[in-house]
Amino acid sequence: MTARTRVVVTGLGTTNPLAGDAATTWEKMLAGESGVRPIEDPRFADLAVRIAGVAAVEPTDVLDRVRARRLDRSSQFALIAATEAWHDAGLDVAQAAGELDGDRVGVAMASGIGGVQTLLSNYDAMLEKGPRRVSPLAVPMLMANAPAATISLEIGARAAVNTPVSACASGNEAIALAADQIRLGRADVVLAGGTEAAIHPLPVAAFANMMALSKNEGDPTTISRPWDTARDGFVLGEGAGALVLESLEHAQARGARIYAEVLGAGITADSHDIAQPDPQGRGGTRAIQRALADGDIDPADVAHVNAHATSTPQGDVAEALMLHATLGGHASDVVVSGTKSMTGHLLGGAGALEAVATVLALHHRLAPPTINLDNLDPQVELDIATKPRDLPLGDIVALNNSFGFGGANVAVAFGSVG
Amino acid sequence: MSTEEIRAALAEIVNEVAGVDADDVQLDKSFVEDLDVDSLSMVEVVVEAEEKFGVTIPDDQVKNLKTVGDAVSYIESARAAA
């Protein structure tokens with residue numbers, strides 16, 4: 001049997017509540033800044049929740065006007081992040097030189113909810129002005145695979161163009177599936193990630209009514225507080241993350257810069273409840289175990305975890321249990337970060353943005369901080385970085401965890417390079 | 001409205017929907033071949049034009065509006081008939 005195809009990360013991109021690109025996002029994370037702010041939109045006036053991680057850079061300020069009006073906001077974010085990652089990987093140059101076969105390039109761009117703002121604004125138009133005013137572009141704008149398809153058109157990707165949908169695990173699942181496509185020999189390059197644009201009164205009311213969102217009316221920058229005793233729900237965010245995954249052979253042949261290696265991934269389901277996580281975190285535990293086994297990883301080599309850590313009372317504790325169950329006595333030595341404390345929760349974009357952060361942490365050997373952790377929940381026995389923390393030299397592993405409604409669990413293990 | 005006023009107002013709509021320079025939207029130009037307005041954008045242009053000019057342009061007529069001049073003529077006669 002031949003050795004398994006190795007998969008590496010060669011490009012990164014994001015637009016999110018902290019910044020409109022990966023480098024600035026990383027700077028702001030290290031500075032412990034928050035992207036959470038009041039929602040100015042008057043339609044939110046009567047809602048119980050009026051804060052969110054609103055994108056730092058309006059996508060319509062970046063994209064061509066006509067291009068933007070044909071894309072749902074979620075596709076706008078995805079296109080911006082994907083284009084950054086594509087350029088960061090130098091694949092635009094390779095393509096222009098005729099050195100890239102589009103038939104061997106895929107996309108795995110996840111969405112949690114799809115083009116919900118397009119759907120709702122067209123419904124408003126129909127009620128107000130009649131069915132003739134429903135946009136002929138509504139379907140290609142709101143369909144769940146619109147972000148992936150938009151990227152496929154942009155970069156000329158003609159291998160599988162997938163849209164994993166697993167709620168808040170979607171973005172991380174996209175990375176797992178992208179790695180599989182490359183390992184299975186179905187693509188050499190896959191642009192992977194996730195996107196979401198759900199800061200609209202209806203989804204916000206819906207998440208608030210299911211008691212998932214914090215209704216705390218204090219300083220918006222302090223409300224997302226994973227593992228803190230005062231946490232009381234997540235803060236919604238918006239944006240996208242994108243990573244170029246590539247076979248090691250393909251990356252080396254073109255002399256690409258390699259940020260990290262995708263060592264393994266685990267995808268499981270709880271089969272416990274449609275919305276509540278398994279309180280013992282058994283599904284998540286199995287996902288992490290599978291990621292470690294898939295990558296043939298010794299738990300002792302795990303140095304960093306970018307946790308799902310949404311700032312909900314139950315989920316944050318369950319994730320701590322998972323880390324103890326999978327890493328054993330080593331769990332308390334691992335530097336854990338909860339970057340949603342700064343970005344809010346990007347739903348389908350979350351796992352991808354956090355994968356970008358995980359890869360940058362390995363690349364720079366620096367774990368980003370968790371802000372707003374004033375009083376650690378005594379049920380959580382983890383070493384949580386509250387300031388940027390050095391990671392050890394040598395070969396180290398970092399885990400990116402994501403869990404979603406429906407009982408979806410995804411863990412991806414990345415390995416340091418160089 | 002004069003023919004030129006209708007053309008100019010239609011040009012603004014085509015610019016808004018498809019990003020075509022309004023000065024390029026002249027009577028002899030074909031929407032598809034000269035101005036690169038695709039079929040879905042054409043539907044948007046038609047709906048905007050209906051609202052702007054207070055006319056109805058049935059779907060089965062849209063395929064006959066090949067040039068800007070065709071559209072302007074249609075709008076003129078629909079307005080005259082109204």
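## A lysine at the chain boundary

Let's start with Lys129(A), which counts as partly exposed at 49% relative accessibility. (With a 1.4 Å probe and protein chains only, buried means under 20% relative accessible area, exposed means over 50%, and partly exposed is in between.) The side chain of Lys129(A) meets that of Glu51(B) in a salt bridge, 3.9 Å from N to O. A salt bridge here is a side-chain nitrogen of Lys or Arg within 4 Å of a carboxyl oxygen of Asp or Glu. Glu51(B) is partly exposed too, at 45% relative accessibility.

Glu51(B) sits in helix H2 of chain B and Lys129(A) in helix H6 (residues 116-129) of chain A, so this pair joins two chains. Helices (H or I, at least four residues) and strands (E, at least two) are DSSP runs, numbered from the N terminus.

## What kind of model this is

This is a predicted model, where local features need pLDDT of at least 70, side-chain atom pairs count only at pLDDT 80 or more, and totals for chains, interfaces and linings use all residues. Residues are numbered from 1 along each chain as its sequence is written, chains are lettered from A and ligands numbered from 1 in the order in which they are written, and side-chain values use heavy atoms, leaving out hydrogens and water.

## Where the two chains meet

Eleven residues from chain A and 17 residues from chain B make up the contact, with contact meaning heavy atoms within 4.5 Å. Together the chains bury about 1,200 Å², 38% of it on carbon and sulfur atoms. That buried area is the accessible area (1.4 Å probe) that two parts lose on being put together, summed over both.

How many salt bridges are there between chain A and chain B? The count is nine. Helix H3 (residues 65-69) of chain A gives the most to the side of chain A that touches chain B, with three residues. That side of chain A divides into four nonpolar, one polar and six charged residues. (Ala, Val, Leu, Ile, Met, Phe, Trp, Tyr, Cys and Pro count as nonpolar, Asp, Glu, Lys and Arg as charged, and the others, Gly among them, as polar.)

Asp59(B) pairs with Arg132(A), their closest N and O atoms being 2.9 Å apart. Another salt bridge links Glu44(B) and Arg69(A), at 3.2 Å from N to O. Glu44(B) lies in helix H2 (residues 39-53) of chain B and Arg69(A) in helix H3 of chain A, so here again the pair joins two chains. Glu44(B) is buried, at 11% relative accessibility, while Arg69(A) is partly exposed at 23%. Shared partners tie Arg65(A), Arg69(A), Glu16(B) and Glu44(B) into one salt-bridge network.

Within chain A, Arg6(A) and Glu261(A) form a salt bridge, with 2.8 Å between the closest N and O atoms. Arg6(A) is in the segment before strand S1 (7-15) and Glu261(A) is in strand S8 (residues 260-269), 255 residues apart.

## Inside chain A

Which residues touch the most other members of the largest nonpolar core? Of its 47 residues, they are Val9(A), Leu12(A), Leu243(A), Leu245(A) and Phe414(A). (A nonpolar core is a set of buried Ala, Val, Leu, Ile, Met, Phe, Trp, Tyr and Cys residues joined through side-chain atoms within 4.5 Å.) Helix H15 (residues 350-364) of chain A supplies the largest share of this core, seven residues. Apart from this core lies another, of 29 residues, including Ile288(A) and Leu323(A).
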